[in-house]
Amino acid sequence: MKVKDMNGRQKAAIFLVTLGSEISAEIFKHLREDEIETLTFEIARLETVEPEQKDQVLMEFQELMMASEFISSGGIDYARELLEKALGSQKAIDIINRLTSSLQVRPFDFIRRTDPAHLLNFIQPEHPQTIALILAYLEPGKAGYILQKLHPDVQSDVARRIATMDRTSPEVLREVERVLEKKLSTLSSEDFTAAGGVDSIVEILNLVDRTTEKGIIESLEEENPELAEEIKKKMFVFEDIVLLDDRSIQKVLREVDGQELAKALKGVDQEVQEKIFKNMSKRAATMLKEDMEYMGPVRLKDVEEAQQKIVSIIRHLEETGDIVISRGEGDELVQ
């Protein structure tokens, strides 16, 4: 049988046989039980695999992997453009068609390479629900940039909608994509897709500037206190340093520059300042207080930047397991 007449299961069986038993066994570990049974059956049905068949199957696999990598780097159009240059127009179309017949392309994949500043101008006039849907599917970095550039009244509305978003039907996704497809094209998934939620907005808020973050949280506290509290539990803002135990604070202080700390403590609650001072030697605390006093007035922007640097250090230490941040119920520590 010619390779072009084989189905996907038969080609996969030849591919696995060509790779050998050890590598194939590793691949099986990542497959479902029914997939393993199907492939095992196809492998058992194989008789003699001609060298030409092996070469053609491996070549097809390489082409599909190349196309998949191009798609993940820049979308369907980008992949098609590169494949056309490398393999010719007809070959590129054949590969893309084979790949997209089973591939689920993430909604709004076509704006992945769009400059966020241009995208901001494009979606700014849209309804907050439309903006929320688009941001929920964007990378957090781009979504954070766009969110902080929106009007403050719109910011909190969009943040709330992302946090309370659950599942979106393909019909709604296609309609929103259609509006954005005036100059670009995309393939939308036929399945219901999940995006948004509290985790999504927390990831975005962690990447916006401090002023934007505070404004959104304060607005949400007025509109939906329960939602705001749920978001805050998953975030860590500078004032939450009081949630750290003394040992954790001491670890943080070892990583923080003295001048940055002095700026960060400007204008914060007395409780926060005292929590810091008590975890320093008397001499170090006295020097810090003097630095704050001699520093004089400091721009709010500089204070917030210093606070954000310290928060980044705290989040990094938490990620590496060096400190633990208590986020409410269920976070009791066991000695």
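Here is a short chat about the predicted model shown above.

Biologist: Hi! What helices and strands does the protein have, by number?
Modeller: Hello! This predicted model has 18 helices and 2 strands.

Biologist: And what share of the protein's residues is buried?
Modeller: Of the 335 residues, 39% are buried. The protein exposes about 19600 Å², and carbon and sulfur atoms supply 49% of that area.

Biologist: Nice. What about contacts between residues at least 6 apart in sequence?
Modeller: Among those, 75% join residues at least 24 apart.

Biologist: Let's look at a helix pair. How do the axes of H6 and H8 cross?
Modeller: Helix H6 covers residues 116-123 and helix H8 covers residues 140-149. Their axes come within 10 Å and cross at roughly 50°. That angle is why H6 counts as oblique to H8.

Biologist: Is that crossing left-handed or right-handed?
Modeller: The crossing of H6 and H8 is right-handed.

Biologist: Which residues meet there?
Modeller: From H6 you have Pro116, Ala117, Leu119, Leu120 and Ile123. On the H8 side they meet Lys142, Tyr145, Ile146 and Lys149. Sorted by class, this contact has 7 nonpolar residues, 2 charged ones and no polar ones.

Biologist: Okay, switching to H16. Which of its residues are buried?
Modeller: In helix H16, residues 270-277, the buried ones are Val272, Gln273, Lys275, Ile276 and Phe277.

Technical notes
Residues are numbered from 1 along each chain as its sequence is written. This is a predicted model: local features need pLDDT of at least 70, side-chain atom pairs count only at pLDDT 80 or more; totals for chains, interfaces and linings use all residues. Side-chain values use heavy atoms; hydrogens and water are left out. Helices (H or I, at least four residues) and strands (E, at least two) are DSSP runs, numbered from the N terminus. Buried means under 20% relative accessible area, exposed over 50%, partly exposed in between (1.4 Å probe, protein chains only). Contact means heavy atoms within 4.5 Å. Accessible areas come from the Shrake-Rupley method with a 1.4 Å probe; for residues, only the protein chains shown count as cover. Axes are lines fitted to C-alpha atoms, for helices over the stretch in contact, and angles run from 0 to 180 degrees between N-to-C directions. Angles under 35 degrees count as roughly parallel, over 145 as roughly antiparallel, 65 to 115 as roughly perpendicular and the rest as oblique. A crossing is left-handed if the near helix is turned anticlockwise from the far one by less than a right angle, and right-handed if clockwise. Ala, Val, Leu, Ile, Met, Phe, Trp, Tyr, Cys and Pro count as nonpolar, Asp, Glu, Lys and Arg as charged, and the others, Gly among them, as polar.
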